[in-house]
Structures are given as C-alpha cells and as structure tokens.
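Welcome! Please open the model in your viewer and get ready to select a few places, one after another.

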Amino acid sequence: VTPALAIILGVVLASTAVGITAGRRMKMNLENWTVGGRRFGLLIMWFLMAGEIYTTFTFLGASGWAYSRGAPTYYILIYGALAYTVSFYLLPELWRRGKRFGLQTQPDFFIRTFGSRALGVFVALIGVASILPYLQLQLAGLGLIVEAASDGAVVANVAIPAGFVLTCVFVFTSGIRGTAWVAIIKDVLMIAAVVVVGIGAPRMFFGGIGPMFKALAAKAPGHLVLPGAAPSLGVSWVMSTVLLTAAGFYMWPHTFASAFSAKSDRVIRRNAIIMPFYQIPILLVIGVGFTAFLVLPGLANGDMAFLTLVRKTYPPWFLGFVGAAGAVTAMVPASILVLTASTLLAKNIYQAGFRPGASERTVLRLSRAMVVVVMAAALLFALVFPNALVNLLLIGYDGVSQLFPSVVLALVWKRLTRAGAAAGIVTGIAVAAGLVFTKHDPLWGLNAGFIALAANAAVAAVVSLLTPSRRIAG
Amino acid sequence: MRQGKKLSFLLGAVPFLALVAALPFVNRLEPTVFGLPFLLVWILFWVALTPLVLFAADRLGRRRPPDDKDRP
C-alpha cells in the first residue's frame, strides 16, 4: 500500500463512519430522513449547500474549461453569485410554504400549489430523469480521480463500486444528516487542496498568480477574454447561460428541497448572503487550469489538467490527499442526489401516483430500498454504458430550469393556472431537447436552454390567461 | 409595499446589472490589475460585492429589526 492509497482509503472510510454516526442518536422518520427535521442552523446549512453545489465538476470541470476553452469558464464565477441572489428572495418564500404545509420535496410544492397529483408525478419524473445522469457523472468522476491519484493501483471499476457501497451505507442509515456531516469533511479537504495547488502551482512555475496571468496574456491574450478558444461561446452566450443557470440552480429537486431543511427563513437569507464568498476558491481552480495551459500543453482531456499538474509538481502523498478530497467531493453530492431521487420515487411517484393511502413508515421503508435501486442503476450505467446518458446529461440543467417560471409565477402572479404551468414546462423541455438534440445549441449566440426558458414563460402566461383560475393554496 | 421592502427588491437587480448587462462593455484585457485581465477583475469585484449588496437588502427588508424569532 502506497502512502497515497493509504490516505485515500483512510479519509474515505473515516468520512463514511462520520456519516453513519450522524444519524445514530435520532429516531428515523421520513421528515428526519429527508429534511433533517427542519432543524439545520446557519453553519450546517452552509456546509450542506456548499456540499451539494461544489461537485467533482468544480474540481475537474472548471479547471478543464479554463484549460481548453479559456475565458468562457468565468461564467462559473458569475452564475453562483446570481443564483445566491435569486435564492435570497425565492427560498424564504418556499421555506414558509414548506413549514405551513409540511412540504418535503419539490413535487410536494407543485401538488400543494396547483392541487394536482398528476403535475406532482410529472415534476418528480423530470427530477429523477435529471438526477440519474448527474449521479452517474459523480460516480464516473470518483473513478477517474481515485484511479489517477492512486497511480492506477485502484482502477476506476473498483473505485466506483466501493464508493457506491460506502455512500449507500451512510445515506441509508442517516439520511440528509449523514450528508451534511460528511459535507463538512469534504468542504474542508477540498478548500485545502484547492488553496494549496491554486497558490502553489502558479508560484512554482511563474512566481505567483499575477505573473502567471501576465505570461498567459503575453502568450495567448485571446484566451483571457471572451470568447476564449471557443468561438461559439461569446459574450451573449455567457449572458444567456448565467441567466439560465441562475434560474435553474435552485430548481434541482435536491437544491429546491434544501430550503425545507433550514430551521428558519432567517437562516436561509443569511446563508444566501455568505454563499458568494465560496466562489472565490473557484478563481484558484481556474488559475490551475490556466497554469496547466501554459506548462502542460496538448493534454488530450482538459478535465485531467488539475490532476496531471498535481502529479507532475507535488510529492505522491499530496496527490493522495487531492485524490481523497476528490473522492469525498464525489460522494457527498452523490449521496444527496440518491437520497432525493429515492424520496421522489417513493413519496411522489409511488405514494402520490398510485397508493395515496400508503403510511409514512411504508414510504420511508420504500425510500430506503430505493437508495439501493437508484445507486445500482447509476452504477450500471457508469460501468457498462459510460456514454449512454450523455444526452440526458446535456439537457439535465436545461430541463430542471424549466420549472423556474412556474415556481416564480406561482408566488407572485395569482392568475397562473395549473394548465398554464404544465403547458409552459412541457414547451420549455420540448424546445430545449429539440435544439440540443439537433445540435442547435448555442442558437443565435444564445444558450438553447435560455431560449426554451423564454418560450416557457410566454406559453405559461398566455395559457393561464385563457384558462379559468383554480388555484388551491395562495 | 413598504419603502424598505421595495429598496430591498431593487438591490437584487444590482448583481444582474453588473454581472450580466455590463458584460459587453467590460470584455477586455486592459487595464490589468496585478496581472489579472480586466474582465476577470470586474467579475471578481462584483462577486465579492454581492454579499454586501444582499446584506444591505436583508437589513432594509426586515419588518422589525431585530427579528428575534430564531434566536435563543
């Protein structure tokens, strides 16, 4: 066993133990399992939300985009700040309704607001279909990171099932509380890794971050301003993309439901205020991608830029540390995704769609069983058909974003009807899928999902005005 | 709607004006700040300022300062 491997194993096992311990002393019911009994305070909410949001994409994707595309990667810095601004105004409203009506999931909100179980089942299906490819992406990322960090001692096809079992165990026992506790470990490790590499690597090669940018500006000035190395990703693409992603950010079933975990709306607002500070480390990740662009030109896969740079410049044990941080960074979002998908399947598809009389204990038991089913499905795809879900992944974000107009309009516009909301969502998803699958993304320099969002809002408004108002809860 | 509440909503537009509407005018390399391209400096400045904007919005939007319901 090499030092790197020992570090990876030690951290991953310790994290799992913490996750299991987190739920040991509480009586598990559905509300505790899904939303932590609505008792999370500011600090744990911050870790939980950061844990959900900063995935393996932050590690590999942001540096990979900086490496291969350049300036368009700045959109990641922007959309976070905008999404937290949206959440500052939107999430407290959702929290109040969640508290008043006992909501636990995103479809619960739609069922309650529009008085339609069918709409709830439909929203739940969109949620599960969007979550599965993301879960697979996390598992694939875990495999990639552990294989690279252990220098091939643990191949991806071993790391992925191992991560799968460990994640299942703590989700099964502790629910959302397990995720929140492991998220603390993950956030600390990841920030440490990013700060060390983000400051250290540019310093080693260029004497600092500023001089690194100067060297890049001298060598490839176009890489640092839009559209960078990607002609189709210009200013209008960034503008439409950050608006789309800011709208969609809290429309994922798991981010939406995080509003229900807080103990008060004050906690949510204060959390939204401090979240943008978490964007700053992303600058360091982008800097690592730019450094790799200068010192390691010609990598076949830009997503490997971060790990390759660490392997070339740091001792093996540190590569192990980065691998451990990366593995836990995959496990935390994976756990929340599987928890959410399982609850959607049991509560909003099985119970709401087919067995309205099912008891809460039955739903909890079924949710826990679904943890294994959902993980197994994602595992199967990750191992057997690594590319089968790429199409779904491409429109996952576009898809969940289409819920945004209905949610916002439901809160501010009394005339929005059930038919209007449903027609808008269907239109939005159809337009997004049509454009993406026919390779028309971006279209006219705009993100296809943004065009779909505009069509969605227009259809929702027109259909609402043409149908009689029959809202249940105001 | 109360004056403070209105202002609180208006403040929410600030990050969108700075980080979306202004982008076509700030997409340039020069002047650099500590070596960083101007576009990136502009984005970082406003991302770092967003918490302050939201903090101000929170103060203005609160019905009755301080709202002590969730404190021990």
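A salt bridge here is a side-chain nitrogen of Lys or Arg within 4 Å of a carboxyl oxygen of Asp or Glu. Keep that in mind for the first stop, and remember that this is a predicted model.

Select A:Arg269 together with B:Asp58: they form a salt bridge, and their closest N and O atoms are 3.2 Å apart. Two salt bridges are counted between chain A and chain B. Five residue pairs, both members at pLDDT 80 or more, are in polar contact between these chains.

Next, show the contact as a whole. Chain A brings 35 residues to it, and chain B brings 35 residues. Together the two chains bury about 3100 Å², with 77% of that on carbon and sulfur atoms. Now pick out A:Tyr89, A:Arg266 and A:Ile273, which supply 20% of the area chain A buries against chain B, more than any other three residues.

Colour the helices on this side of chain A. The largest share, 10 residues, comes from α5(A). By type, the residues on this side are 26 nonpolar, four polar and five charged.

Now for the loops. In chain A, go to the loop between α10 and α11, where A:Pro227 lies; the peptide bond from A:Leu226 to A:Pro227 is cis, with omega near 5°.

Finish in chain B, in the loop between α3 (23-26) and α4 (38-61), which holds B:Pro31. The bond from B:Glu30 to B:Pro31 is a cis peptide bond, with omega near -5°. B:Phe34 is in the loop between α3 and α4 of chain B, and its phi is near 55°, a positive value in a residue other than glycine. Is B:Phe34 buried or exposed? B:Phe34 is exposed, because its relative accessible area is 75% and exposed means over 50%.

Key:
Residues numbered from 1 in each chain as written. Chains lettered and ligands numbered in written order. Predicted model: local features only at pLDDT ≥ 70, side-chain atom pairs only at ≥ 80, totals over all residues. Heavy atoms only, no water. Contact = heavy atoms within 4.5 Å. Buried area = accessible area lost by both parts, 1.4 Å probe. Polar contact = N/O pair within 3.5 Å; in protein donor to acceptor, adjacent residues only side chain to side chain. Helix = DSSP H or I, 4+ residues; strand = E, 2+ residues; numbered from the N terminus. Nonpolar A, V, L, I, M, F, W, Y, C, P; charged D, E, K, R; others polar. Buried < 20%, exposed > 50% of the residue type's maximum accessible area, 1.4 Å probe, protein only.
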